[in-house]
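Welcome! Have a look at the structure, then read on.

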Amino acid sequence: MGVLNVTPDSFSDGGRWLDADAAVAHGLRMVAEGADVVDVGGESTRPGADPVDVDEELRRVLPVVDALAPHVRVSIDTRKAEVAEAALEAGATLVNDVSASLAPVAAAAGAGWVAMHMQGVPRSMQVAPAYDDVVAEVRAFLVERASSAGVGEVWIDPGIGFGKTLGHNLALLAHLGELVATGYPVLVGTSRKAFLGRLTGGAEADDRLEASVATAAWALAQGAAMVRVHDVAPTVAAARLLGDAGGAGGAGGAGGAGGAG
Ligand code: HH2
């Protein structure tokens, strides 16, 4: 899944694809590089981000969804029912839902749905994340949402960096197999995230490529069915290498929509 943020303020690619033509060209480039899905978002959910109003979010995403949908599976990354509905009408077929609350919208449209775990809201989620047992709590939350969704195609995502410390993120990655064991296809997004900067001595977002590819490969090897990434070409190369080596348990697996090749 290639990331396409049509925003001025996303943490790593903010402002680069605000112009619809530039966004569409970048989406098509990711398809040429091997992305199976392009994830279009019009509101940053980075820690501390300000919310965007519906009209502005629609203005950003709809032309891009419309132009890409004939070429690739498009997911809409939003927390708003109105935006998800309009994007599905414009050709998106997957709702990437960091709020894990839009199952009814996906169900009504016969679309797929990604339920992601987040503790709190983006504005304040990194202030003091706390869990007794992060893996068990995230797993229980996702299974409860997924099993009550009434949607045919449900993905679960631990929400790396969403109300989680470095230790929480690493525990979730180390125990990804427990999410895979639920039987729901697992999506994982580590790409360029802040915890990778901390693990690599303070690397800025643009300098987190190796860490992003390594953690994506790790997730696939643990059985994740899809990874959400900014750098599609090197991630596809790593996923193919794993597949050839027989190590990517989930790549090309459950859900029918995912698989990194
Ligand atoms: N991470 C981000 C946004 N959407 N969706 C899913 N399912 N999983 C994720 O881990 C995830 C997500 C945050 O990354 P990004 O889109 O690069 O930044 P921003 O929120 O600043 O636009």
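How many nonpolar, polar and charged residues does the lining of the largest pocket have? By class, that lining has 10 nonpolar, 13 polar and nine charged residues. Please keep in mind that this is a predicted model.

## The largest pocket

The largest pocket holds about 520 Å³ of space. Its lining counts 32 residues, and those closest to the pocket centre are Phe11, Pro47, Ile160, Phe162 and Lys193.

Two helices, α6 (166-174) and α8 (194-199), each supply at least two residues of this lining. The largest share comes from α8, with three residues.

## The second largest pocket

For the second largest pocket the volume is about 150 Å³. Here 14 residues form the lining, with His26, Arg192, His230, Asp231 and Val232 closest to the centre. Helices α1 and α10 (232-244) each supply at least two lining residues. Sorted by class, the lining has six nonpolar, two polar and six charged residues.

## Helix α2 and its two partners

Now for the packing. Helix α2 (residues 54-68) and helix α3 (residues 81-89) pack at an angle of about 20°, with their axes 10 Å apart. Angles under 35 degrees count as roughly parallel, so α2 and α3 are roughly parallel to each other. Their crossing is right-handed. On the α2 side the contact is made by Val54, Glu57, Leu58, Val61, Leu62 and Val65, and on the α3 side by Glu82, Val83, Ala86 and Ala87. This contact has eight nonpolar, no polar and two charged residues.

Helix α1 (residues 20-32) also packs with α2, at an angle of about 40° and with the axes 9 Å apart; the two are therefore oblique to each other. This crossing, too, is right-handed. From α1 come Ala20, Ala23, Val24, Gly27 and Leu28, which meet Pro63, Val64, Ala67 and Leu68 of α2. By class, this contact has eight nonpolar, one polar and no charged residues.

Methods: Residues are numbered from 1 along each chain as its sequence is written. This is a predicted model: local features need pLDDT of at least 70, side-chain atom pairs count only at pLDDT 80 or more; totals for chains, interfaces and linings use all residues. Side-chain values use heavy atoms; hydrogens and water are left out. Axes are lines fitted to C-alpha atoms, for helices over the stretch in contact, and angles run from 0 to 180 degrees between N-to-C directions. Helices (H or I, at least four residues) and strands (E, at least two) are DSSP runs, numbered from the N terminus. Angles under 35 degrees count as roughly parallel, over 145 as roughly antiparallel, 65 to 115 as roughly perpendicular and the rest as oblique. A crossing is left-handed if the near helix is turned anticlockwise from the far one by less than a right angle, and right-handed if clockwise. Contact means heavy atoms within 4.5 Å. Ala, Val, Leu, Ile, Met, Phe, Trp, Tyr, Cys and Pro count as nonpolar, Asp, Glu, Lys and Arg as charged, and the others, Gly among them, as polar. On a 1 Å grid over the protein atoms alone, a cavity is a set of points where a 1.4 Å probe fits but cannot get out, and a pocket is an open set with protein on both sides within 12 Å along at least five of seven lines; lining residues have an atom within 4 Å of a point. Grid points are joined across faces, edges and corners, and a volume is the space filled by probe spheres set on the points.
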